Amino acid sequence: MTTLLRVDASFRIEGSVSRGLADSAQAAWEAEHPNTKVVRRDLGLNPLPADAWASAVSASFAPADTHTPQQRAALMLASALLDELLDADATIVAVPLYNYGISQHVKTWIDLLLADPRLRPGAGKPLIGRPAIIALARGGGYGPGTPREGWDHATPYLQRIFGDVLKMDVRITAAELTLAPVKPELADLIDLSKQSEAAAHEQANAHAQEIARRLALPAA
């Protein structure tokens with residue numbers, strides 16, 4: 001049995017593009033591994049405590065017998081979050097672009113992962129090569145030549161953390177102009193929005209299918 005970790009960050013359920021992209025990736029994975037175990041971590045609906053990271057980090061500089069209840073709880077939370085990631089054969093992270101970056105809930109999750117001793121510098125790379133699909137939804141357009149080129153501070157950060165820090169095998173799919181159908185000033189871009197979303201769903205499906213099939217291959 002395989003295990004798929006799915007992390008959602010949107011505070012929306014109905015109409016959430018990032019959740020929709022994660023649905024496509026999950027469905028493609030399950031088509032290849034019908035008996036898979038799916039572990040859900042919904043940061044949008046169930047945010048992690050904002051002060052947990054500070055408690056976990058401060059605990060790392062103090063002897064264990066002096067830890068406060070808050071510090072012990074934060075360390076246990078960080079450990080549980082990393083266990084979810086380590087136990088998964090693949091991970092889907094669905095992230096909307098909020099105010100040109102990731103939400104505080106995603107940042108808290110990442111900070112807590114990195115607070116665990118198993119991911120500290122010099123501790124090794126236990127996630128090296130593990131596949132991760134990052135599914136992004138961006139309300140505007142941020143591609144080359146657009147007025148807001150360079151304003152997307154989520155995608156480079158997520159690539160840096162999951163690819164360069166954790167050394168995971170990262171694949172990114174993104175839907176742009178997702179606010180066009182609901183913002184009158186973007187009405188002329190609705191067709192482009194639909195095209196971008198459709199392409200992102202195809203890419204999410206292809207990413208999940210490729211890594212699921214690769215996992216099913218016998219070891220050389």
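**Loops and helix packing: worked exercises**

Lys167 sits in the loop between α5 and β5 (169-175). (Helices, H or I with at least four residues, and strands, E with at least two, are DSSP runs numbered from the N terminus.) We're working with a predicted model, where local features need pLDDT of at least 70, side-chain atom pairs count only at pLDDT 80 or more, and totals for chains, interfaces and linings use all residues. Residues are numbered from 1 along each chain as its sequence is written, and side-chain values use heavy atoms, with hydrogens and water left out.

**Exercise 1.** Work out the phi of Lys167 and how accessible Lys167 is.

*Solution.* Start with the backbone: phi is near 65°, a positive value in a residue other than glycine. Next, accessibility: at 36%, Lys167 is partly exposed (buried is under 20% relative accessible area, exposed over 50%, partly exposed in between; 1.4 Å probe, protein chains only).

**Exercise 2.** Find which residues of helix α2 (residues 52-59) are buried, and what they pack against.

*Solution.* Pick out Ala52, Ser55, Ala56 and Ala59, which are buried. They cover an arc of only 95° around the axis, so they lie on the same side of α2 (the arc is that of the directions from the helix axis to the C-beta atoms). Then look across: these buried residues pack against α3 (69-87) and α4 (contact means heavy atoms within 4.5 Å).

**Exercise 3.** Describe how the axes of α4 (residues 104-115) and α5 (residues 155-165) cross.

*Solution.* Take the axes: they come within 12 Å and cross at roughly 20° (axes are lines fitted to C-alpha atoms, for helices over the stretch in contact, and angles run from 0 to 180 degrees between N-to-C directions). Therefore α4 is roughly parallel to α5 (angles under 35 degrees count as roughly parallel, over 145 as roughly antiparallel, 65 to 115 as roughly perpendicular and the rest as oblique).
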